[in-house]
Amino acid sequence: MMLHVEGLHSYYGRAHILADVTLEAREGEVLALLGRNGAGKSTTLKSVIGLVRPSAGAITFAGARIEGLSPFRIARLGLGFVPEDRRIFTDLSVMENLEVGRQAPRGGAPTWTPDRLFELFPNLGRMRDRPGGRMSGGEQQMLTIARTLMGNPRCVLLDEPSEGLAPLIVEQMAKTIRTLKAEGLSVVLSEQNLHFSAMVADRAVIIEKGRVRFTGTMDELRADEQARTQYLSV
Amino acid sequence: MSFASILAQLLNGLAGASSLFMVAAGLSLIFGVTRVVNFAHGSLYMLGLYVAYSTVEFLGRTPLGFWGAIVVATIVIGALGALIEIAILRRIYRAPELFQLLATFAVVLVIKDVALAIWGAEELVGPRAPGLSRTVEIMGRRVPQYDLALIVIAPLLLLGLWLALTRTRWGALVRAATQDREMVGALGVDERKLFTGVFFVGAALAGLGGALQLPREPANLGLDLAVIADAFVVTVVGGLGSIPGAFIAAILIGVVKAFCIALGTQSVLGLEISFSKLTLVVEFLVMAIVLVVRPYGLLGRPPAQQRAVGEITTLPNMPDWRRWLPFVALLALIPFAAPDDRYLLVLLTDIAILSLFAVSLHVLMGPSGMVSFGHAAYFGVAAYAAAILMRKVQLPMEVAVAVAPFVAGAVALVYGWFCVRLSGVYLAMLTLAFAQITWSVIFQWDSLTGGSNGLTGVWPPAWLADKRVYFWLTLVLCALGIGLLWRMLFSPFGYALRAGRDSPLRAEAIGIDVRRLQWFAFALAGAFAGLGGALFAFSKGSISPELASIAQSTDALVMVLLGGVETITGPIAGAAIFTWLKDELARRTEYWRSVFGLVILALVLLFPQGVVGGLAMLWRRVRPAS
Ligand SMILES: Nc1ncnc2c1ncn2[C@@H]1O[C@H](COP(=O)(O)OP(=O)(O)OP(=O)(O)O)[C@@H](O)[C@H]1O
Ligand SMILES: [Mg+2]
């Protein structure tokens with residue numbers, strides 16, 4: 001088991017956002033976390049990486065309990081996080097953005113260098129010295145993933161990687177995620193887009209109003225018309 | 001003026017600018033990454049100077065001894081900065097920004113007393129720099145060699161900083177954290193180490209700036225606040241977070257100052273103007289022009305939007321006058337209970353006045369969302385206005401007290417016009433700069449204000465001569481003032497102010513002119529602070545520039561923060577605790593400041609919501625669930 005979340009509860013102020021969320025991502029698989037706007041997908045990922053402090057629940061990553069740790073400690077265990085709003089360092093060049101994400105190589109996880117990442121994202125290789133603030137949305141999305149990969153994670157949390165991208169770029173993103181999987185990385189990806197998830201995911205979890213409504217393989221989800229129409233906007 | 005004398009002044013100004021640049025750069029760097037406005041930065045500068053002084057004495061007045069001392073001072077002060085971060089600030093990064101400020105202010109108090117204990121109150125004049133103690137002749141003018149050295153050192157340091165920030169991993173982390181430190185943490189960077197490192201470097205810069213002034217400036221205990229005020233002006237002019245901006249602004253201000261001093265007294269249109277005395281006013285003009293043209297400073301950018309988890313602040317209730325009136329009446333009875341306790345009466349009068357002062361500041365800090373570091377400007381201006389109106393214009397005291405708040409309000413109207421154009425830390429720094437200017441005008445205008453001696457013989461007329469009667473008058477006026485301010489907070493005006501604070505854009509959209517409201521609130525708060533100041537003047541019989549000093553401003557700030565910004569009545573509790581504690585400590589020990597600073601630190605670390613807020617929370621916890 002790569003990542004196991006059990007009975008997670010999270011609050012913003014007094015608003016109870018996550019209620020008893022349980023999910024798991026197996027080693028080397030791509031798990032899609034599906035749900036409508038405001039369902040609590042981002043909050044789940046932020047709770048796992050420690051940006052939101054869960055009030056209850058257990059989170060186990062690669063055999064270690066991580067709930068309550070600070071984000072940097074969790075990241076150092078090899079859990080990468082790619083936020084939905086990208087959060088590129090706009091003043092820093094592409095190379096510097098990558099430098100901020102760099103961590104020592106880690107056993108049991110692929111090791112990334114800027115050159116390897118530029119093979120994965122050829123666009124970035126052509127703009128090494130460009131400040132992050134002067135890149136297109138798609139390029140920034142590539143950069144934010146590349147930056148997280150520089151930490152040589154075993155597992156990455158991708159928050160809506162396809163959001164706001166042109167169809168062609170979405171295809172490319174799907175290919176990238178399949179490459180990461182082929183490298184042996186586990187991926188948890190939050191999505192509203194069922195179509196995109198279907199291209200990359202092995203299993204899916206659907207949450208609605210902070211509760212888990214469905215857990216199963218993508219094939220099971222394809223068969224479950226009711227879950228799709230009730231909890232996803234298709 | 002000849003070209004040669006212009007050049008000489010230019011060089012003098014540049015030499016003075018170099019240290020200013022270092023302090024401002026350190027301040028900017030620390031703020032950028034940690035969002036802490038380090039009030040103690042001037043204190044670190046001062047310590048740098050003292051440590052360099054003692055180290056030279058120890059190592060000997062040789063070139064090696066001198067430059068060795070500069071290096072030692074830099075490192076010692078850097079380490080002290082790191083220690084402050086580890087021991088204090090690290091524990092309260094999650095507390096509201098203002099508490100970090102309060103904590104750094106407590107550090108100012110402690111450092112001042114430590115310096116007093118080690119080095120004494122006398123000015124210490126450092127040695128000339130061995131090997132650079134002569135002058136060079138440039139176009140017939142004698143320019144100290146050391147000044148030339150400083151002029152070279154500052155740009156070298158700028159270059160070094162620039163390289164460190166743009167060519168190293170540390171620099172990339174610092175710049176990244178300046179934009180989004182949470183993300184930096186999520187990428188696996190240990191923020192604590194980064195913050196401690198930044199504090200080390202920022203503090204070391206302040207220490208270096210101070211140490212380098214050893215041959216030019218005597219070490220003295222007043223440097224801490226004087227330097228922090230200058231550093232604030234430089235950072236505001238240059239743009240917060242921009243180190244090149246700090247460099248340009250330091251040069252601009254250093255040179256302008258030097259020119260004013262060089263101009264001396266000149267006659268313009270038949271008027272004798274002493275430019276050397278106008279230095280601060282001119283500095284202010286520079287700042288005003290820059291801020292009007294570029295609100296975020298020469299090289300600054302609008303502050304990045306703060307990423308904060310949405311906090312739910314509940315609206316406190318309007319204090320009920322039926323509950324407060326008996327309380328005030330009870331206070332009014334105290335003189336009967338203890339008729340011979342003059343000390344108690346003086347203390348109570350002080351508390352009443354300072355409560356009004358604190359509440360007027362709270363109106364700005366809380367509901368209006370404008371933190372003022374310089375509220376004493378209005379307190380002091382009104383005290384002087386009242387005293388001058390009575391002593392020099394021969395108006396009755398009653399009239400003087402009635403007019404003084406309007407004078408303070410008018411001054412606040414002028415200052416406020418600039419201040420409401422800014423927000424957050426910029427606004428706070430600007431208010432401090434204005435207060436410092438006010439202070440120095442009062443300090444230097446001998447003929448009107450009596451300069452550093454102040455004015456004496458400011459006594460009320462016969463019917464108020466009895467301390468008890470004066471206390472009653474004060475109590476009534478202050479209670480009325482506080483009541484009016486509170487009333488205002490819960491009027492449509494007050495609600496609109498809060499709307500403007502919480503979501504300026506939305507408030508604008510529904511037709512609220514936020515800036516105008518804030519401007520009005522600023523003037524109002526200034527006027528009520530002024531009422532306090534006028535009452536204060538006549539309660540003491542004499543006034544001094546201290547009343548407009550930064551120390552007085554920070555006293556009010558501490559009162560509000562101790563009481564809790566989120567509460568309504570907190571500032572009164574803060575004023576009472578503060579005044580009483582300060583009094584008690586000052587009577588017992590010469591080192592009351594440091595004890596006081598330590599008390600503040602303890603409170604900040606224990607009660608991050610202020611005393612009243614903290615007690616309220618304790619109460620909610622222990623109260624049996626009903
Ligand atoms: N910082 C915050 N403060 C308060 N409430 C928040 C905050 N962020 C999110 N919420 C609320 O929490 C709920 C879940 O939000 P979350 O961002 O996890 O949803 P999501 O599933 O990621 O939606 P989306 O697809 O729009 O990104 C929403 O109702 C949202 O309004
Ligand atoms: Mg989301």
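Author: A polar contact is a pair of N or O atoms within 3.5 Å; within protein, one must be able to donate a hydrogen and the other to accept it, and residues adjacent in sequence count only if both atoms are side-chain atoms. This is a predicted model: local features need pLDDT of at least 70, side-chain atom pairs count only at pLDDT 80 or more, and totals for chains, interfaces and linings use all residues. Residues are numbered from 1 along each chain as its sequence is written, chains are lettered from A and ligands numbered from 1 in the order in which they are written, and side-chain values use heavy atoms, with hydrogens and water left out.

Reader: What makes the side chains of B:Glu584 and B:Arg588 a polar contact?

Author: Their side chains come to 2.7 Å. The cut-off is 3.5 Å, so the pair qualifies. B:Glu584 sits in helix H22 (residues 570-588) of chain B; helices here are DSSP runs of H or I, at least four residues, and strands are runs of E, at least two, all numbered from the N terminus.

Reader: Why is B:Glu584 called buried?

Author: Buried means under 20% relative accessible area, exposed over 50%, and partly exposed in between (1.4 Å probe, protein chains only). B:Glu584 has 16%, so it counts as buried.

Reader: How do you know whether A:Lys175 is buried or exposed?

Author: Its relative accessible area is 56%, over the exposed limit, so A:Lys175 is exposed. A:Lys175 lies in helix H7 (residues 167-182) of chain A.

Reader: Why is A:Thr43 called buried?

Author: A:Thr43 has a relative accessible area of 7%, so it passes the buried test. The residue belongs to helix H1 (residues 41-49) of chain A. Its side chain also joins that of A:Tyr12 in a polar contact of 3.5 Å. Contact in general means heavy atoms within 4.5 Å. On that test, neighbours within four places in sequence aside, A:Thr43 touches A:Ser10, A:Tyr12, A:Ile17 and A:Leu18.

Reader: What makes helix H3 of chain A mostly covered?

Author: In H3 (residues 94-101), 6 of the 8 residues are buried. They are A:Val94, A:Glu96, A:Asn97, A:Leu98, A:Val100 and A:Gly101. The cover includes parts of both chains, among them helix H6 (137-149) of chain A and helix H5 (145-167) of chain B.

Reader: How do you know that the side chains of B:Arg169 and A:Glu99 meet in a salt bridge?

Author: A salt bridge is a side-chain nitrogen of Lys or Arg within 4 Å of a carboxyl oxygen of Asp or Glu. For B:Arg169 and A:Glu99 the N to O distance is 3.5 Å, so they meet the rule. Chain B and chain A share 4 salt bridges.

Reader: What area do chain B and chain A bury between them?

Author: About 2300 Å², with 53% of it on carbon and sulfur atoms. B:Arg169, B:Met183 and B:Leu187 supply 26% of the area that chain B buries against chain A, more than any other three residues. Buried area is the accessible area (1.4 Å probe) that two parts lose on being put together, summed over both. In residues, 24 of chain B contact 26 of chain A.

Reader: Which domains does the assignment give for chain B?

Author: Domain 1 (3-253) and domain 2 (320-625), with bounds from an automatic or database domain assignment. Each brings 32 residues to their contact. They bury about 2800 Å² between them, 86% of it on carbon and sulfur atoms.

Reader: What makes B:Asp113 and B:Arg593 a salt bridge?

Author: Their N to O distance is 3.4 Å, so the pair falls within the 4 Å limit. The count between domain 1 and domain 2 of chain B is 1 salt bridge. On the domain 1 side, helix H1 (3-34), helix H4 (97-119) and helix H8 (223-238) of chain B give two or more residues each. H4(B) gives the largest share, 13 residues. By class, that side has 27 nonpolar, 2 polar and 3 charged residues. Ala, Val, Leu, Ile, Met, Phe, Trp, Tyr, Cys and Pro count as nonpolar, Asp, Glu, Lys and Arg as charged, and the others, Gly among them, as polar.

Reader: What is the phi of B:Gln394?

Author: About 65°, a positive value although B:Gln394 is not a glycine. Most residues other than glycine have a negative phi, and most peptide bonds are trans. B:Gln394 lies in the loop between helix H13 (376-391) and helix H14 (397-419) of chain B. At 61% relative accessibility, over the 50% line, B:Gln394 counts as exposed.

Reader: Is A:Glu160 buried or exposed?

Author: Buried: A:Glu160 has a relative accessible area of 6%, under the 20% line. Its phi is also positive, near 45°. A:Glu160 lies in the loop between strand S7 (155-159) and H7 of chain A.
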